[in-house]
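Please walk through this protein model with me, one residue at a time. Keep the sequence at hand as you read.

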Amino acid sequence: MMVGTELWNSTIIGTGFEVTAGTLVEAVLIFIAAIFTGRLLRRLIIRASKTTGLTWIINQDTGDILFRMFVLGGIIGAL
């Protein structure tokens, strides 16, 4: 079990700051979760825009903007 812990905490990049394998995996998982959530939200908004009378507010552009916001939030959160 010690080998797995050493691998998880091993430094990959270490110039002024340390990036371990664990933090790199965590950052990738946060980014993937943000993309998944953004795509799901965009799909729900596009589906809602077909059933509402407020298509000038809820449309594909709104879904794309919210998707980009989730991806940007995922990038910032992963850093």
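Ser49 counts as buried, because its relative accessibility is 13% and the cut-off for buried is under 20%. This is a predicted model, so every value here is computed from predicted positions. Ser49 sits in helix H2, which runs over residues 21-51. What does the side chain of Ser49 reach? One of its polar atoms lies 2.7 Å from the backbone oxygen of Ile46. Leave aside residues up to four places away in sequence, and Ser49 touches Thr55, Ile58 and Asn59.

Now step back to the whole chain. Its secondary structure comes to three helices and two strands. Read along the sequence, the pattern is α-β-β-α-α. The chain has 79 residues, and 18% of them count as buried. Ser49 is one of the buried residues of H2. The chain exposes about 6200 Å². Carbon and sulfur atoms supply 69% of that area. Contacts can also be sorted by distance along the sequence. Take the contacts with a separation of 6 or more: 38% of them join residues 24 or more positions apart.

Back to helix H2. How far apart are its end C-alpha atoms? They are 46 Å apart. H2 has 31 residues, and at 1.5 Å a residue they should span 45 Å, so the two values agree. Which residues of H2 are buried? They are Ala21, Gly22, Ala27, Ala34, Gly38, Ile45 and Ser49. Here a general rule is handy. An α-helix has 3.6 residues a turn, so residues three or four places apart point the same way.

Is Ile32 buried or partly exposed? Ile32 is partly exposed, because its relative accessible area is 48%. Together with Leu24 and Val28, Ile32 makes a nonpolar surface patch of about 250 Å². Arg47 also lies in H2. Arg47 counts as exposed, because its relative accessible area is 52% and the cut-off for exposed is over 50%. Arg47 and Ile58 are 11 residues apart in sequence. Their C-alpha atoms are 9.6 Å apart in space.

Next comes Arg42, again in helix H2. At 24% relative accessibility, Arg42 is partly exposed. Which residues does Arg42 touch, not counting those up to four places away in sequence? They are Gly63, Asp64 and Phe67.

Start with Asp64. Side chains of opposite charge can pair when their charged atoms come close. A search of the whole structure finds one salt bridge. The side chains of Asp64 and Arg42 meet in a salt bridge, with 3.4 Å from N to O. Asp64 lies in helix H3, residues 60-78, while Arg42 lies in helix H2, so the pair ties together parts that are 22 residues apart in sequence.

Then take Phe67. Arg42 and Phe67 are 25 residues apart in sequence, yet their C-alpha atoms are 6.0 Å apart. Phe67 lies in helix H3. Is Phe67 buried or exposed? Phe67 is buried, because its relative accessibility is 16%. Setting aside residues up to four places away in sequence, Phe67 touches Ile35, Gly38, Arg39 and Arg42. Among these, Gly38 is a buried residue of H2. Phe67 and Phe36 are 31 residues apart along the chain, and their C-alpha atoms are separated by 9.2 Å.

Ile76 counts as exposed, because its relative accessibility is 56%. How far is Ile76 from Phe31, C-alpha to C-alpha? The distance is 8.9 Å, for two residues that are 45 places apart along the chain.

Definitions and conventions:
Residues numbered from 1 in each chain as written. Predicted model: local features only at pLDDT ≥ 70, side-chain atom pairs only at ≥ 80, totals over all residues. Heavy atoms only, no water. Helix = DSSP H or I, 4+ residues; strand = E, 2+ residues; numbered from the N terminus. Buried < 20%, exposed > 50% of the residue type's maximum accessible area, 1.4 Å probe, protein only. Polar contact = N/O pair within 3.5 Å; in protein donor to acceptor, adjacent residues only side chain to side chain. Contact = heavy atoms within 4.5 Å. Patch = residues over 30% accessible without salt bridge, like charges linked within 9 Å, V, L, I, M, F, W, Y side chains within 5 Å. Areas by Shrake-Rupley, 256 points an atom, 1.4 Å probe, with all protein chains shown as cover. Salt bridge = Lys/Arg side-chain N within 4 Å of Asp/Glu carboxyl O. Expected span 1.5 Å × (residues − 1).
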